[in-house]
Amino acid sequence: MSDITSPPAADPTAPVVSVAPIRLAAPDRGQDLLVRVSAPTSGRDLPVVVFSHGMTLTMDDYAPLAGFWASRGFVVIQPTHLDSLGLPPDDRLTPHLWRIRTDDLTGVLDQLDAVEAAVPGLAGRVDRDRIAVAGHSWGAQTASTLVGARVVDADGTPGESMADPRVMAAVLLCLPGTGGEDLSPMAAQYFPFMSPDFTELKTPSLIVAGDHDDSPLTVRGADWFTDGYRLSPGATDLLTLFGAEHGLGGIQGQYDTRTTDESPERVAVVQQVTLAYLRTALGLDDNAWAAVRDSLTTTSNPLGRIDSK
């Protein structure tokens, strides 16, 4: 366990190109899948992070993470999910949005050739063998399905696995916890799919949570967002940010009005810790994760804590 006092020194950065919207074919979706791609203008063998946004956000959000990772050598692909349209609860697609979200991520992986071709200068520079998924809130649940989490059916049994063997690692920010009696009446009515089974989540994953993230989706407190760490064999590391609410200091973006706990310092911690985790989990730097943990020391006013199992 390590307490966080300040982010480590930033790595040298590269210029970034960001292209949007890129249209990817999605014949069974009702409309094309729109994505934003951010990538460094130099370098080869660039690993990939596919990022799933939170409810009703879009590919244009989460610039503090996408831009940071891209400037450190990653190709970051951000799809816009259909819930960004603000569909009403009685829309025919609404009960299936959680599954369509997963299909969006796998669709991106299926069409990496089209992604490369759409970004000037990117073709031939992507490492298809180093792929991670990431997401925030509902996006974290979406990303978790690609690393083994399953949605529990109405009869209480885990549904089909949608794990994707192409994915080596995950970063799951504010990952919703278990369903059933842990859901609030509102969540049980409108979001019954928020009932995950984590027993098959075996791919290496980092969970990030705020200890003040009191959600209307659960009758429990902020610890609900740590269930993925406690209950899955693959989520071996947990970053808990002290005082952080659902925005984790502002990872959605500087001007997002949903951020109730704005803190550039917290965002910097998320940036540096997730970068180190991705670099080690994807086999780019075996020492990055150990180094970021070792650089954290206890003080009277820590920003957070890293736990590992």
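Colleague: Which helices each supply at least two residues of the lining of the largest cavity?
Modeller: They are α2 (97–110) and α4 (138–145). Helices here are DSSP runs of H or I with at least four residues, strands are E runs of at least two, and both are numbered from the N terminus. Before we go on: this is a predicted model, where local features need pLDDT of at least 70 and side-chain atom pairs count only at pLDDT 80 or more, while totals for chains, interfaces and linings use all residues. Residues are numbered from 1 along each chain as its sequence is written, and side-chain values use heavy atoms, with hydrogens and water left out.

Colleague: How do I read a cavity?
Modeller: Rolling a probe the size of a water molecule over the atoms shows where empty space is left. On a 1 Å grid over the protein atoms alone, a cavity is a set of points where a 1.4 Å probe fits but cannot get out; lining residues have an atom within 4 Å of a point. A volume is the space filled by probe spheres set on the points, which are joined across faces, edges and corners. The count here is 1 cavity of 30 Å³ or more. The largest cavity holds about 30 Å³ of space.

Colleague: Which residues line the largest cavity?
Modeller: Its lining consists of W98, T102, W138, Q141, T142, T145 and V151. Helix α4 gives the largest share, 4 residues. By type, the lining has 3 nonpolar, 4 polar and no charged residues. Nonpolar means Ala, Val, Leu, Ile, Met, Phe, Trp, Tyr, Cys and Pro; charged means Asp, Glu, Lys and Arg; the others, Gly among them, are polar.

Colleague: W138 has a ring. What lies over the face of W138?
Modeller: R101 does, at 4.3 Å from the ring centre. A charge sits over a ring if NZ of Lys or CZ of Arg is within 6 Å of the ring centre and within 35 degrees of the ring normal. K309 gives another case: K309 lies over the face of Y229, at 4.8 Å from the ring centre.

Colleague: And pockets?
Modeller: A pocket is an open set of grid points, with protein on both sides within 12 Å along at least five of seven lines. The largest pocket has about 480 Å³ of space. It is lined by 27 residues, and S137, S215, P216, L217 and H246 are the closest to its centre. That lining divides into 11 nonpolar, 11 polar and 5 charged residues.

Colleague: What is the volume of the second largest pocket?
Modeller: About 320 Å³. Its lining counts 16 residues, and the closest to its centre are V151, V152, A154, P192 and F193. Helix α5 (residues 185–190) gives the most, 3 residues.

Colleague: Are F51 and W69 buried or exposed?
Modeller: Both are buried. Buried means under 20% relative accessible area, exposed over 50%, partly exposed in between (1.4 Å probe, protein chains only). Now compare F191 and F193: their ring centres are 6.0 Å apart and their planes are at 80°, so the pair is edge-to-face. F191 and F193 are buried too.

Colleague: How do I read strand pairing?
Modeller: Two strands pair if DSSP finds at least two bridges between them. Strand β10 (residues 205–210) and β11 run parallel, joined by 6 bridges. There, L206 stands opposite D237 in β11. β11 and strand β12 (residues 304–308) run antiparallel, joined by 5 bridges. T240 stands opposite R305 in β12.

Colleague: How many residues of strand β11 are buried?
Modeller: In β11 (residues 235–241), 6 of its 7 residues are buried, so call this strand mostly covered. V208 is found in strand β10. V208 counts as buried because its relative accessibility is 0%. In contrast, T280 of helix α7 (residues 264–281) is partly exposed, at 24% relative accessibility.

How values were computed:
Phe/Tyr/Trp six-rings, centres within 6.5 Å; stacked < 30°, edge-to-face > 60°.
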